[in-house]
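Please look over the sequence and the model first.

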Amino acid sequence: MTETIEYLTLALLAVAGLLALVRVGRGGSLPDKVLGADTLILVLASGVAAGAGVTEDTTFLDVLVVVTLLSFAGTITVARYVERRGARA
Amino acid sequence: MNGGAGMALISALVMLLGAVFTLLATVGLHRFDDVFARMHAAGKASTLGLLLILLGAGRRLTEPGDALKLGVIGVLAVITIPAGVHVIARAAWLRVLGSPRTPPSSTYSSW
C-alpha cells in the first residue's frame, strides 16, 4: 500500500516534469518559456526531495539546497535579459 | 515516536498530495492563456507542492540534521520562488507595455 503510493507520487512528478518541459518547448512567448523552466527546476527539486523520502537516502539533500538557490539566480538572470531586450522575440 | 507502518503511510500520503499539487501547477501552465494567469498557477501551487513533499520526506528521515536541512530548503523555497516569479512577471509586464506607466488595456488584449 505505502509502496504503491510512493511509486504513484514519483510517477505524478514525472508527468508534471514532462508537462513543464512541453511548456518550455512550445513557449508562446519568451516569459512563458522562462516560467516553464522555473517550474521544471521546481518539479526536479520536488522529485529529489520525494526520492530522498522514499529511499531514506540523504545523499542528495545538499544538492537540493544548491539547486533551489541556482534556480533562483538563473530565473533572475534570464528575466533581466528579457526585460533589457524589450519588445518582440 | 519513530517509524512504524502507519507513520510511513501518512508520510507517503502527504508526499502524494504534494505531487498532486505540483502536477496541477504544470497542468495550469497549459490550461491558462497568458503568462500572468500561468504564473498564478505555477508560482503558488508548486510552492505548496514542494512544501508538502518536504514535510512528507521529513517524516521519513530519522537524523534530526536531515530534517533541519529539509527545513532550510523549505524556507529558501518560500523566499525565492515568489521572488523569482515576481521578476518574471515584471519582465513580461515591461515587455508588453514598454513602460510601467502605460495603461494595460490596449496592448494586453491583443497580446
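How many residues of chain B are in contact with chain A, and how many residues of chain A do they touch? In this predicted model, 51 residues of chain B contact 44 residues of chain A. The points below take the interface, then chain A, then one residue of chain B.

**Interface**
- Three elements of chain B each give two or more residues to the side that touches chain A: helix H1 (5–31), helix H2 (35–60) and helix H3 (64–97).
- Sorted by class, this side of chain B has 33 nonpolar residues, 11 polar residues and 7 charged residues.

**Chain A**
- Chain A contains 3 helices and 0 strands, in the order α-α-α from the N terminus.
- Its radius of gyration is 16 Å, whereas a compact globule of 89 residues would have one near 12 Å.
- Along the principal axes, the C-alpha atoms of chain A fill a box of roughly 55 × 25 × 10 Å.
- Of the 89 residues in chain A, 44% are buried.
- When contacts in chain A between residues at least 6 apart in sequence are taken, 51% of them join residues at least 24 apart.

**Leu16(B)**
- Leu16(B) lies in helix H1 of chain B.
- Leu16(B) counts as buried because 21 other C-beta atoms lie within 10 Å, and the cut-off is 20 or more.
- Leaving aside neighbours within four places in sequence, Leu16(B) is in contact with Ile5(A), Leu8(A) and Thr9(A).
- Leu52(B) is 36 residues from Leu16(B) along the chain, and their C-alpha atoms are separated by 8.6 Å.

Methods:
Residues numbered from 1 in each chain as written. Chains lettered and ligands numbered in written order. Predicted model: local features only at pLDDT ≥ 70, side-chain atom pairs only at ≥ 80, totals over all residues. Contact = placed C-beta atoms within 7 Å. Helix = DSSP H or I, 4+ residues; strand = E, 2+ residues; numbered from the N terminus. Nonpolar A, V, L, I, M, F, W, Y, C, P; charged D, E, K, R; others polar. Rg over C-alpha atoms; globule rule 2.2 N^0.38 Å. Buried ≥ 20, exposed ≤ 12 C-beta atoms within 10 Å, placed from the backbone.
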